[in-house]
Amino acid sequence: MATTDKYDRQLRLWGASGQRALGSTLVVLVGSSACGTETLKNLVLPGVGSILVVDDDDAVVGNGSSANGDVKASPELNDSLLKFTSPSSNFFLPPPSNQDDSDSKLSNAARACALLSELNPDVDGYHRTVPSLEGVDYNAFLKTLMDNPPTSDKAAAPKQILVIAADQPSSVTLALSHACHVNSIPLMIARSYGLLGYVRIQTASPYHAIIEAKPAHRIPDLRLSAWPLFDGLESAASSVKNLDEIEDSKEHSHVPFVVILLQALEKWRGTASAPTPSGDPSKRPRNPDTFAEKEAFRKEVREMSKNISNEVNFEEAMREAHLVWVDGRISEDVKIVLERLDEESFFSAAIQTEMEVEGVSISPKIPSRVMHFQLLALALKRFLKENDNYPPLEGTIPDMTSDTARFVALQEAYKQQAGKDQSALAEMVNSILEECRRRSNGCDLRVTMPTNDEILTFCKNARYLRILETRPFYAEYKLQDPTSPILSTLDKTLSSLDMPNFDTIQSDARDDLTMATLDPYETDPVHTPMLWWIALRACDAFYDRHQHYPGKHDQELALEADANEVYKCMVQITNNMGLSECDLIKEHLLDQTKGKELAREVVRYDEGEIHNIAAVVGGVASQEAVKLITGQYVPFDDTYVYNGIASSAGVYRF
């Protein structure tokens, strides 16, 4: 691992834990296209642990290249690799020279690996050259990487794998998608095609767990709407005498807004506009709820000020008044996450041994990060039951106008309560592990006790837990083009889908896609990215039937024939996706004149790759790859489409 200074700027984004995750990841790139090398470049620079470039090159045998598909370390960089003797659409991979030297015989995978590894000495580079990417047994290949990943003396074995398929035909991506799904490995499909491109995320099964979602706007966790207040806050608030009795204007203007809001809430509850309590002091009193009640509360805060224009603390109280009625309990999004968890299923997965039992099918192991997440989330479910659905307190307070003594007292109160909640959650985690051990009959567990830092991070982010579950690419492909010859060829490889909630996700995706048609590109609807994705998808359908992309033959009649067939594929795919009744689709795609213009444009590209388009797509792909690797921030769900003609983009679930 390099020094902190080298990665200082990115550490401010994903912290030390994110950098450790990045440094312990093997990124496998299938295809050394411009889009692929751009993606990998953006992962090598921030310090991914190791890279493995896989590509086909049946004509290259010899120095640094292996026709039998062995994984080899990156060859040494030679000056000849830096010379562009002829034009190339890939700025990171100059075409081999015509000179009869050993360097010119390096495969594309070897040359890309050498050039990319040079960007960061912390990164270990490996390459594998095969006669054909279509002939690779990806299931066996990935199992080998999981059991025996390539390593060097200077680095430990990677803890996780991410696969990126760059500009590959369906014959490769479908088999790779299935292998990744079966082995619970995340996959990204990046594509640059003429002036268009897209990135598709396939999360590892069962889902991608996110603890540090890092939302753009976080509501301060002050628990002003909770009842009763926790002891520390009650004590800190009661230490400040009634604001109406404070004569000193300086002292009055330095009372923290937290105390102001709590005192205003007590006064509001005694007014005629406040809801009448039931008379039972044990029942939770209501907070302002209706618009009129909220306005009455704000009026109460304003009237407590001596001169609100000169008292910043009261201005803060007015601005943060919503914290009095915002419910601090878990959100519906977090409830959905927790509803997915079942203790019995967790115990079964946590103690399941790797021994093959005759006659019994052993399901693939759940990724360690997901097991870790499930352990903490199950402890959170128990915590919520004992704490009126309030998650552990974050323990931090925002900056506010206050004198030092009161601010420190408030800060300490929140910190101490957060520590108590953290300890309580840790005890529940330990209790779950103890139950696992009792059920294990001496077998090793697949999950261990989280560190104090991990529990602290979980507690601070419990209000924003997320999971992302995408459909496998091959399952989506089957629905869009069920008659594809490639599917029948791979029928034995693509086993039946084991995804219980696939139909629900598919139905939700269809609803989302229909809604997306109501939001076309405002300048010119024809440049709505969704339309161009359908055109690209039709090019794949064309390839499946002809083993080459449209536009290969440049005669005018051949190009028009290709465009006609691409258009037919576009219509068929649209019907299979259930979009044929959408106004946007009917006007700009099903209309033959406009639809064929889209088809002619993609035929014109002839699978050409433009590096600046590849750079945009590669930048997006690498950004999302970092999210998947670190488990921080929320990746898009599930396809990003870029239209370089109009510089427009959109995210869809196709």
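Author: Begin with the contacts of the chain. Among those with a separation of 6 or more, 76% join residues 24 or more positions apart. This is a predicted model. The chain holds 23 helices and eleven strands. Its C-alpha trace spans about 90 × 65 × 55 Å along the principal axes. Of its 654 residues, 52% count as buried.

Now the core. The largest nonpolar core has 70 residues. Val28, Tyr138, Phe141, Val163, Met530 and Met570 have the most contacts inside it. Helix 19, residues 529-546, gives this core its largest share, twelve residues. In soluble globular proteins, nonpolar side chains tend to be buried together.

Take Tyr138 from that list. Set aside its neighbours within four places in sequence. Tyr138 is then in contact with Val30, Leu133, Val172, Ala175, Leu176 and Ala179.

Two packed helices are described by the angle between their axes and the distance between the axes. The crossing is right-handed. Helix 4 brings Tyr138, Asn139 and Leu142 to the contact. Helix 5 brings Val172, Ala175, Leu176, Ala179, Cys180 and Val182. By class, that makes eight nonpolar residues, one polar and no charged.

On the helix 13 side, the residues are His372, Leu376, Ala377 and Leu380. On the helix 15 side, they are Glu454, Ile455 and Phe458. The contact of helix 13 with helix 15 has five nonpolar residues, one polar and one charged.

Follow the chain past helix 13. The loop between helix 13 and helix 14 (404-440) holds Asp388. Asp388 has a positive phi of about 55 degrees, although it is not a glycine. At 41% relative accessibility, Asp388 counts as partly exposed. Asn389 lies in the loop between helix 13 and helix 14 as well. Asn389 is not a glycine either, yet its phi is positive, about 65 degrees. With a relative accessible area of 32%, Asn389 is partly exposed.

Next, helix 8, residues 257-269, which contains Leu265. Leu265 counts as buried, at 3% relative accessibility. Leave out its neighbours within four places in sequence. Leu265 is then in contact with Leu224, Asn287, Pro288, Phe297 and Val324. Its C-alpha atom is 8.4 Å from that of Glu300, 35 residues away along the chain.

The loop between helix 8 and helix 9 (291-304) carries Arg286. Arg286 is partly exposed, at 41% relative accessibility. Arg286 and Trp325 are 39 residues apart in sequence. Their C-alpha atoms are 9.0 Å apart in space.

Helix 21, residues 583-588, contains His588. His588 is buried, with a relative accessible area of 8%. His588 is in contact with Pro525, Val526, Leu531, Lys594, Gly595 and Leu598. Of these, Leu531 falls within the residue range of helix 19.

Last, two backbone features in loops. The peptide bond from Ser205 to Pro206 is cis, with omega near 5 degrees. Pro206 is in the loop between strand 7 (196-202) and strand 8 (208-210). A cis peptide bond also joins Asp637 and Asp638, with omega about -5 degrees. Asp638 sits in the loop between helix 23 (611-630) and strand 10 (639-643).

Methods: Residues numbered from 1 in each chain as written. Predicted model: local features only at pLDDT ≥ 70, side-chain atom pairs only at ≥ 80, totals over all residues. Heavy atoms only, no water. Core = buried A, V, L, I, M, F, W, Y, C linked by side-chain atoms within 4.5 Å. Buried < 20%, exposed > 50% of the residue type's maximum accessible area, 1.4 Å probe, protein only. Helix = DSSP H or I, 4+ residues; strand = E, 2+ residues; numbered from the N terminus. Contact = heavy atoms within 4.5 Å. Nonpolar A, V, L, I, M, F, W, Y, C, P; charged D, E, K, R; others polar. Left-handed = near helix turned anticlockwise from the far one by under 90°.
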